[in-house]
Amino acid sequence: MSGRPLLSVEGAHKAFGGLVAVKDVDFIVKQSELIGLIGPNGSGKTTMMNLISGALKPTSGTIRLDGEIISGAPPQRIARQGVARTFQLVRILPSLSAIENVIAGAVFGHVRAWGDDAYREAEILLERVGLGGRANVPPGAMNYIDQKRLELARALASNPRLLLLDEWLAGLNPSELQIGIDLIRDLRDDGCTIIMVEHVMDAIRSLCDRCIVMSSGIKIADGSVQDVLSQPEVVAAYLGEEDA
Ligand SMILES: Nc1ncnc2c1ncn2[C@@H]1O[C@H](COP(=O)(O)OP(=O)(O)OP(=O)(O)O)[C@@H](O)[C@H]1O
């Protein structure tokens with residue numbers, strides 16, 4: 001992948017008291033890459049996403065977005081700088097309609113849009129994620145995959161430079177999973193830069209340019225999916241895990 005570096009993580013370290021969740025992790029994500037961040041349960045993947053999005057401040061280390069330091073900044077500032085995310089447990093505003101949720105993403109994000117412009121863009125995004133014609137539906141009346149689609153549309157509404165997907169495919173049935181994979185593939189093909197934390201290995205295999213493997217807070221592998229998944233240390237880390 002020949003793009004320029006968009007995200008650089010240098011010596012990222014996060015301790016919760018005596019527990020080190022992320023230990024001196026370094027990696028670079030280039031423009032338009034789709035990176036899988038994988039590893040066994042409790043290996044530090046979500047903590048790493050939280051360090052990038054600003055939900056957590058690193059104990060030490062530096063994270064840069066397009067050369068600018070973002071580590072330690074509040075999450076709303078990092079969102080404005082162009083990092084959008086979805087959460088392991090869907091977070092949408094239940095009292096707002098679908099389209100209002102998407103507009104909220106546009107208002108607080110990287111490329112801010114207001115009024116009619118925001119409405120039109122939100123309609124396009126709803127269409128894009130497969131929710132065309134459902135602008136006025138309250139999220140509570142949607143099934144799980146549609147809520148996931150909505151959260152993705154909200155994240156995309158800010159026109160992010162970097163999209164973080166935290167187990168976005170979790171909990172989908174096999175046919176929904178294929179829809180979800182196709183949707184992420186479309187984003188990738190449009191040049192979106194994405195880090196996806198995922199346990200669904202078929203999705204990692206079919207979507208990712210590269211994957212980074214964490215185990216006990218340490219980055220143990222970084223490379224093409226095929227190479228990484230055949231490394232003995234990675235196999236050992238997954239031993240006993242369902243997806244190994
Ligand atoms: N806020 C917190 N306070 C204390 N410990 C935490 C906190 N957040 C995470 N941890 C611990 O840090 C370690 C890494 O957790 P993390 O959620 O980052 O792992 P993960 O790889 O995302 O796991 P999973 O795949 O199960 O979601 C775990 O031991 C977890 O219990």
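How far apart do the C-alpha centres of domain 1 and domain 2 lie? They lie 24 Å apart. The notes below start from that division.

1. Basis. This is a predicted model, in which local features need pLDDT of at least 70, side-chain atom pairs count only at pLDDT 80 or more, and totals for chains, interfaces and linings use all residues. Residue numbers run from 1 along each chain as its sequence is written.

2. Domains. Domain 1 covers 1–82 + 162–243, and domain 2 covers 91–160; the bounds come from an automatic or database domain assignment. The contact between them takes 13 residues from domain 1 and 12 residues from domain 2, where two residues are in contact if their C-beta atoms, placed from the backbone, lie within 7 Å. On the side of domain 1 that touches domain 2, the elements giving two or more residues are α2 (75–81), β7 (162–166) and α6 (174–189). Elements are DSSP runs numbered from the N terminus: helices are H or I with at least four residues, strands are E with at least two. The largest share of that side, four residues, is from α2. By class, that side has seven nonpolar, four polar and two charged residues. Nonpolar here means Ala, Val, Leu, Ile, Met, Phe, Trp, Tyr, Cys and Pro; charged means Asp, Glu, Lys and Arg; the others, Gly among them, are polar.

3. Core. The largest nonpolar core has 63 residues, and those with the most contacts inside it are Leu37, Met48, Val102, Ala122, Leu126 and Ala153. Both domain 1 and domain 2 give residues to this core, so it lies between them. Such a core is a set of buried Ala, Val, Leu, Ile, Met, Phe, Trp, Tyr and Cys residues joined through C-beta atoms within 7 Å. A residue is buried if 20 or more other C-beta atoms lie within 10 Å of its own, exposed if 12 or fewer, and partly exposed in between, with C-beta atoms placed from the backbone. Apart from neighbours within four places in sequence, Leu37 is in contact with Lys45, Met48, Ile195, Met196, Val197, Ile212 and Met214.

4. Ligand shell. Phe16, Leu19, Ala21, Gly39, Asn41, Gly42, Ser43, Gly44, Lys45, Thr46 and Thr47 surround the ligand; a residue is near a molecule if its C-beta atom, placed from the backbone, lies within 6 Å of it. Of the shell, three residues are nonpolar, seven polar and one charged. At least two residues each come from β2 (19–30) and α1 (45–53), with α1 giving the largest share, three residues.

5. Strands around β9. Strand β3 (residues 34–38) pairs in the parallel sense with β9 (residues 210–215) over four bridges, and Ile38 stands opposite Val213. Strands pair if DSSP finds at least two bridges between them. Strand β9 also runs antiparallel to β10 (residues 218–223), joined by five bridges; there Val213 stands opposite Ala221. In the hairpin of β9 and β10, which has two residues between the strands, Ser216 takes a positive phi near 50°.

6. Open sheet. Four strands form an open sheet in the order β2-β1-β4-β5, with antiparallel pairing. The edge strands are β2 and β5 (68–69), each pairing on one side only. Two bridges join β4 (residues 60–65) to β5.

7. Arg64. This residue is in β4, and its bridge partner in β5 is Ile69. Arg64 has 16 C-beta neighbours inside 10 Å and therefore counts as partly exposed. Leaving aside neighbours within four places in sequence, Arg64 is in contact with Ser8, Ile69 and Ile70.
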